[in-house]
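Dear colleague,

I am handing over the structure below, and I would ask you to keep it open while you read the notes that follow it.

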Amino acid sequence: MQAKEIVVPTSSISMLRKPDPLSDTLMTVSLGPQHPSTHGVLRLELVLDGETVVKAIPDIGYLHTGIEKTMEKEKWQQVVTVTCRMDYLNSMGNDLGYCLAVEKLMGVDVPKRAQDLRVLFTELNRLSSHLVWFGTHAMDIGAMTAFFYAFTERELILDLYECATGARLHQSYFIIGGARWDLPDTFIPLCDEFLKGFPKFLDECKRLVTGNRIFQRRTQGVGVMKKDEAISWGLSGPTLRGSGVNWDIRKSEPYSGYDTYDFNVPVYDSCDVWARYLVRMDEMEESWKICVEALKRLREPGEHIANHPKLKLPERDLMKQHIDVMIHHFLIASEGFTVPIGEVYQSIESARGEIGFHVVSDGTERPYRVHVRAPSFINLSALPAMVEGSLIADVVAVIGSIDIVLGDVDR
Amino acid sequence: MSQNLEQTQNTTRYPRYADASLIRSRFTGAVEEIIEAASEITLVAKREGLAELMTWLRDEPSLRFNYLSDISGVDLGEFASPRFAVAYHLYSLDHNHRLRVKVFLEEDDARVPTMWNVWKSSNWLEREVYDMFGVTFDGHPDLRRILMPADYDGHPLRKDFPIKGY
């Protein structure tokens, strides 16, 4: 039997199936630097095959302001005003890292109340930073409402900073030796009120986004970074804990008395954007627990700065009576103080991961060299490994999930 | 006042640093000096054999430095010899201890082997040191400027670079 010859009609359908002249070509697209989903001025050079990312090349440095160079010309105590401008969402964490490094070099013990102040404010900072992340990450993926909720709540935390430190963003509240001044009387009731309302708010957030099926589909299995890879790439913070590595500097190398607080370190091991989301959401709850405990301790009076002649300024009354006290104050305030020769590396757990300070002193009143190990910088360097091979829409989700702050990346 | 200072007992807990004596006995050639200061341990290494030393530090079961925290360059001054120091800050997630490995370099021969094959986080950190100090990392897959523009002249964190810029 002979098979019938099949005649292909030259219909409109086959016309549509004409091979695409661009099908073999790779296209290079520049994402950013002026793009809302890049969280600042990150530029990504994406080599695309259709919608698939073949190669991603981050291009940074648009916000480079030479902060490390600036630090070399500031006095030890003045550097705090620069550190808080690096990672502007987690400014107190940066200050704390620097202060701890210099205190280690000087061998200074910080009084208990100052440590509690530091813990309270870094944890509030973690909350406010995670709230910005929550709002913008959800918005990148398409959930607009979460942004407004998050920023309304963050506003309350900024009010707390304003009450205690006088500034909303760049507080420079921690100084070498402790905190700049003690809390005002109005702070504790205000903070109490905020902390009372926060769990309810967090619950609302979780109901708004966590259960959202679109959000889950956009994040599960996206931007996968396996455990060993994540360690080799040097990821830290929630991004590393989303890859199943249980490492939190607050637990492993406790500073500022974190070992006396009771909190858990949330770890998820699905290694994707979704895991990082869950880690941060749980972390907010833990931070809230620490804040409540720290505020309870702060009801007791105490010293807010170490009783060290270089760090604590003399009492006003004594200055008016004794000329040598006056001279001491004048010298500390004008010339600054010296720090013993040596070098230290001190790292803390910021909202983004391990922020480390390598401080070198040559025995003068200014730091010889400060190098900042910026968590966003290292986390961002692993971005190509996370996005290559995935769709272009997922790139936005992954950038949101590693929670970069370009001020921290570029310094 | 200074008497008071000496009497103060320092009770702050600092991160734990690894015992470096084992490294000295194993790598007699590559280790120049072990410095203990400010509750930290610095291992001053020679550039020759640095890659082997680092690979061993990562793989040796009793040390397991599987995490490279930071690479930081230091310019010791315009007229100093050696002029540059490159400090590697290592951390072990398994043993929870740290170590600083330091290499000194002459100005006219400022090059070190890359750590790209040991830790991937060295990728951008090395580019940053190259950008800021002009130290070359041999074997780096993509050694370009990272923070400064590609056509920029000079290395900003060198001590002879004016603070105002050129």
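Read along the sequence, chain B runs through the pattern α-α-β-β-α-β-β-β-β-α-β, which comes to four helices and seven strands; helices (H or I, at least four residues) and strands (E, at least two) are DSSP runs, numbered from the N terminus. Please note that this is a predicted model, in which local features need pLDDT of at least 70 and side-chain atom pairs count only at pLDDT 80 or more, while totals for chains, interfaces and linings use all residues. Residues are numbered from 1 along each chain as its sequence is written, and chains are lettered from A and ligands numbered from 1 in the order in which they are written.

To stay with chain B for a moment, its C-alpha atoms fill a box of roughly 50 × 45 × 25 Å along the principal axes. Of the 166 residues in chain B, 38% are buried, where buried stands for 20 or more other C-beta atoms within 10 Å of a residue's own, with C-beta atoms placed from the backbone.

Where chains A and B meet, the contact takes 36 residues from chain A and 34 residues from chain B, two residues being in contact if their C-beta atoms, placed from the backbone, lie within 7 Å. On the side of chain A that touches chain B, the elements that give two or more residues include α4 (91-106), β6 (342-349) and β7 (354-361) of chain A.

Chain A itself is assigned domain 1 (12-58) and domain 2 (60-410), with bounds that come from an automatic or database domain assignment. The centres of these two domains of chain A, taken over C-alpha atoms, are separated by 36 Å, and their contact takes 19 residues from domain 1 and 20 residues from domain 2. On the domain 1 side, β2 (43-49) and β3 (52-59) of chain A are the elements that give two or more residues, and β3(A) gives the most, with seven residues.

Helix α5 (residues 112-141) of chain A has 30 residues and reaches 43 Å from its first C-alpha to its last, close to the 44 Å expected at 1.5 Å a residue, the expected span being 1.5 Å times one less than the number of residues. Because 28 of its 30 residues are buried, α5(A) is largely enclosed by the rest of the structure, and A:G142, which follows α5(A), has a positive phi, near 125°. Helix α17 (residues 392-402) of chain A has nine of its eleven residues buried, so α17(A) is likewise largely enclosed by the rest of the structure.

With best wishes

Conventions:
Buried ≥ 20, exposed ≤ 12 C-beta atoms within 10 Å, placed from the backbone.
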